[in-house]
Amino acid sequence: MTTVTETPGGDLTEGGRRAPWLLIGGGVAAAALLGGGVYAALAMSGGGDQPDSVLPATAAAYAQVDLDPSAGQKVTAVRFFQGLDPEVRASIDRDWRAWVWEQLQEEGDLPPEVSYAEDVEPWLGDRAGVALIPTGEGEEPVAAVALQVKDGQAALDFLDGLDAEGSEDLAYYLADDYVVLTQQGSLELVRSAAEAGTLDEHEPYTSDMDDLGEAGIVAMWADAARASEIDPSAFDADLGLTEEALGLPERPDVTGRMAGTLRFSADAIELHGITRGVSGVALPASTGATRLVGELPADTAVALSVENGAQMVQATWDYYADLYPDEVAEVSGQAEEAGFTLPDDLRTVLGESMTLSVGPGIVDAVTGISPTEPSVPALPLGYRVTTDTARLQTMLSENGLGAGFLTVREDDGTLTVGTDQAYVDSLADGTGETLGSTALFSAAVADSGSSDTVFFVDVAAFEQYYLPEVTDEDARAALEQLGAVGMSGTTEGEGAGRFTLRLVADQE
């Protein structure tokens, strides 16, 4: 249970203290550290409680920033940053708390007389968390921020000494190694809720975070069922943001939770997330289909793939047909008039395994197109799918989806389509090194052998076109270090899934 220290600033019976910018300047300044500060924090020792140890278990959403992560994350981060250009490391190796404070102060969001170095840095810690707490259907939720402090009394003295007349009231109290801040009038609600149970004692939250794995530098969590209790119109009644006013269809009941983290892997920064208990479309779990994406040429610049697409289409169609039968029937009728049968033809397009690919010469090929040339340009663009090839070829030839200008090749139940015969053949033949065997693809795409969706971009294939347009030196130096972007997603069944987005450092 959280230990709460009473302070004048947290005593609502005395009116509290006025610190209007604190939730913006203090909480946001700490939260904004997710944009940097990692490299500078690596020498610190991890351990200690996270902000979830002082925020209420009733939260609908939570996010935290941790510049003092686990030893494993620090070791991995050091390896990652050592591989970067010295100029990039220099731009990152700074006190980002001070930098954020300066930016907010320049914009007039903070009192100009407050010195970060003298008044804030001595007590501000390395962790911050913010929770959104529902207070009842149709009511405005309460936000609570927990700032880690190195010296609790110094933090309270600073807050008590602020002069912020004419601004919105905030209240605060000290709980263990954190100052908890919230709106004036909501302190007792936040404090009593935390006394009844903190987020780190809430089983669904702890289970989700365990499944998420290493929390990294930034972590977040949300419960959709709790969030659905918050009426958008509660934020500003004058806006009238009700579903009826906006003309939106009635939403089905939403359940499920998500958790995500921004962290380091051996050679990438990754955003990893999971979903649990999500209601709605019952997407099928992965079946280990052909996975055509891994068979693409090694020099593929862009790739997008979907596995089990036919099953996904059917599950999605069944879900919405049950919810909105009239609208789905109307769409089906319109498709039938155009010569298509839904959802069967959509199932055919995605098939068991589908991939779209772009070759490395796409930019030169597009820029070389003559506006006066009537023929279809030969572009390194390809579409491959393992499906009902007979039906798909009928769609292509009889339904106006490319008759007369597409190159089509069939190989043992897999169709390859494009506008350049040579590129189509290179995709279908699969000779030479494949994309799935390259180190860059493996680093960028997590779980590529089991993921249902994959997206990959070899950034180096486009550097010569976009880097000259970047005038900011720091931005250009950072972009020069980016080797690839990869994203993958997997359905695990019963409302559960995972996704990973990775930014991979240049390996040369």
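## Confidence

The protein chain averages a pLDDT of 78, with 71% of its residues at 70 or more. Among its elements, helix 8 (residues 203-212) has the highest mean, 96, while helix 1 (residues 22-31) has the lowest, 39.

Two stretches deserve a look. Residues 1-45 have pLDDT below 50, yet this stretch makes 129 contacts in the model beyond near neighbours in sequence. Residues 234-243 are also below 50, with 13 such contacts. Where pLDDT is low, the predicted coordinates should not be read in detail.

## Around Glu270

Glu270 sits in strand 9 (residues 268-276). Its relative accessibility is 5%, so Glu270 counts as buried.

Its side chain has a polar contact of 2.8 Å with the side chain of Arg263, and there's another of 2.8 Å to the side chain of Arg502. Setting aside neighbours within four places in sequence, the residues touching Glu270 also include Thr261, Leu262, Ser265, Thr500 and Leu501.

## Aromatic rings

There are six aromatic pairs. One of them is Tyr62 with Tyr205, edge-to-face at 5.9 Å centre to centre and 85° between the planes. Tyr62 belongs to strand 2 (residues 61-66) and Tyr205 to helix 8, so this pair ties together parts 143 residues apart in sequence.

Tyr319 is partly exposed at 21% relative accessibility, and Tyr320 is partly exposed at 39%.

Finally, a charge over a ring: Arg191 lies over the face of Tyr173, 5.3 Å from the ring centre.

Methods. Residues numbered from 1 in each chain as written. Predicted model: local features only at pLDDT ≥ 70, side-chain atom pairs only at ≥ 80, totals over all residues. Heavy atoms only, no water. pLDDT = per-residue confidence, 0-100. Helix = DSSP H or I, 4+ residues; strand = E, 2+ residues; numbered from the N terminus. Contact = heavy atoms within 4.5 Å. Buried < 20%, exposed > 50% of the residue type's maximum accessible area, 1.4 Å probe, protein only. Polar contact = N/O pair within 3.5 Å; in protein donor to acceptor, adjacent residues only side chain to side chain. Phe/Tyr/Trp six-rings, centres within 6.5 Å; stacked < 30°, edge-to-face > 60°. Lys NZ or Arg CZ within 6 Å of the ring centre and 35° of its normal.
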